[in-house]
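Visitor: I'd like to go through this model with you, one question at a time. Shall we start?

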Amino acid sequence: MTLTDLRYLIALAHERHFGRAAEKCHVSQPTLSVAVKKVEDELGVQLFERSATEVKITSTGQRIVAQAEKVLMEAAQIQEIAAAGKDPLSGPLRLGVIYTIAPYLLPRLIPRVHKLAPRMPLIIHENYTTRLLEALKRGELDVIVLSLPFEEAGVVAQPVYDEPFRVLMPVSHPWTEAEHIDPDKLADDQLLLLGAGNCFRDQVLEVCPHCRSVSGLQRTLEGSSLETIRHMVATGLGVTVLPSTAADDLPAQNALVAVRPFSEPEPSRRVALAWRVTYPRSGAIDVLRTAILESDLPGVRPIGRVAPLEAVET
């Protein structure tokens, strides 16, 4: 079997559909089907159960696909090591960012990365934390930006900055009379949250434990993104909690909303870079961290200092 055959197996295991797997691999469906059947015949075991409506992976298939992912990741290391030996800042960097960070970090980050490493374009992928970690472990991403905490074998995390939370409210809301907002007050109003499964939603509910009650959750409304929630607050529908990068510049852009900090101790999240322990382009990671720290993100507290430009490997 070849590395290409292993890629077909992995794609079919993820997509559970021959057509979608073939499309993902940029081949015809017959080509992928023949290759999968060839591997099954060579190994003498059935890896997938096929029916007219679905494709299921067998227990043996799951173990083989897991090993195939390791093989492909190790094979990719050969080219990465060679590239790092020539110039770690030359060639694309595959960057993953969670949804609640990407819209506010990337516009500031990209110009700085381009200045520090003009031969290192960014291939950017937004998704949820769990999916980004899966892609990172499979070798589909080089480095990801996410919120701590998390634990994942074979992945190292480096904190970059702490980001305080803010309360966003309609400009006519009575809370605008206060300089700071007590977290418990969130349970007394119409609270707008992200949908279930988003880590920022969980962090907001940790800020206000009373909001977890049945009656409290019945008073919440959900949005698909922080941008959607910001617009709903502007209509006067309720209040929400945002990270400072999404909130601090809003009043200057939208006269319909107001922002207030929380009372001390101020709730916040810690944002980190994460990459595989075997990833060889350490110089690219250093440049990315420097670019983030130089991005002047509203309200954040950097962890560590910004490396001077002349100290950054080029």
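Predicted model: local features only at pLDDT ≥ 70, side-chain atom pairs only at ≥ 80, totals over all residues.

Visitor: Is D296 buried or exposed?
Guide: The backbone of D296 has a positive phi of about 55 degrees, although D296 is not a glycine. For accessibility, buried means under 20% relative accessible area, exposed over 50%, and partly exposed in between, with a 1.4 Å probe and protein chains only. D296 has a relative accessibility of 56%, so it counts as exposed.

Visitor: How does R16 count by relative accessibility?
Guide: R16 is not a glycine either, yet it has a positive phi of about 55 degrees. R16 is found in the loop between helix 1 (3-15) and helix 2. Its relative accessibility is 37%, so R16 counts as partly exposed.

Visitor: How are helix 2 and helix 3 oriented to each other?
Guide: Helix 2 (residues 18-25) and helix 3 (residues 29-43) have axes that come within 8 Å and cross at roughly 100 degrees. Those axes are lines fitted to C-alpha atoms over the stretch in contact, with angles from 0 to 180 degrees between N-to-C directions. Angles under 35 degrees count as roughly parallel, over 145 as roughly antiparallel, 65 to 115 as roughly perpendicular and the rest as oblique. That makes the two helices roughly perpendicular.

Visitor: How many charged residues take part in the contact of helix 2 with helix 3?
Guide: From helix 2, F18, G19, A21, A22 and C25 meet Q29, L32 and S33 of helix 3, where contact means heavy atoms within 4.5 Å. Ala, Val, Leu, Ile, Met, Phe, Trp, Tyr, Cys and Pro count as nonpolar, Asp, Glu, Lys and Arg as charged, and the others, Gly among them, as polar. The residues of this contact divide into 5 nonpolar, 3 polar and no charged.

Visitor: And what is the class make-up of the contact of helix 5 with helix 12?
Guide: Helix 5 and helix 12 pack with their axes 8 Å apart at an angle of about 130 degrees, and they are therefore oblique to each other. L105, L109, R112, V113 and L116 in helix 5 meet V287, L288, T290, A291 and I292 in helix 12. By class, this contact has 8 nonpolar, 1 polar and 1 charged residues.

Visitor: How far apart in sequence are the parts that Y99 and Y128 tie together?
Guide: The structure holds 2 aromatic pairs; rings of Phe, Tyr and Trp (its six-membered ring) pair if their centres lie within 6.5 Å, with planes under 30 degrees apart counted as stacked, over 60 as edge-to-face and the rest as tilted. Y99 and Y128 form an edge-to-face pair, 5.0 Å centre to centre with 80 degrees between the planes. Y99 lies in the loop between strand 3 (93-98) and helix 5 (102-116) and Y128 in the loop between strand 4 (122-127) and helix 6 (129-137), so the separation in sequence is 29 residues.

Visitor: Are F165 and F200 buried or exposed?
Guide: The ring centres of F165 and F200 are 5.2 Å apart and their planes are at 80 degrees, so this pair is edge-to-face. It links distant parts of the chain, with F165 in strand 6 (residues 155-170) and F200 in helix 7 (residues 199-207), 35 residues apart. Both F165 and F200 are buried.

Visitor: Which residues is S244 in contact with, leaving aside its neighbours within four places in sequence?
Guide: S244 has its place in helix 10 (residues 244-247). With a relative accessible area of 0%, S244 is buried. Leaving those neighbours aside, its contacts are E163, P164, R166, P298, G299 and V300.

Visitor: Where is P149 found?
Guide: The peptide bond from L148 to P149 is cis, with omega near 5 degrees. P149 is found in the loop between strand 5 (143-147) and strand 6.

Notes: Residues numbered from 1 in each chain as written. Heavy atoms only, no water. Helix = DSSP H or I, 4+ residues; strand = E, 2+ residues; numbered from the N terminus.
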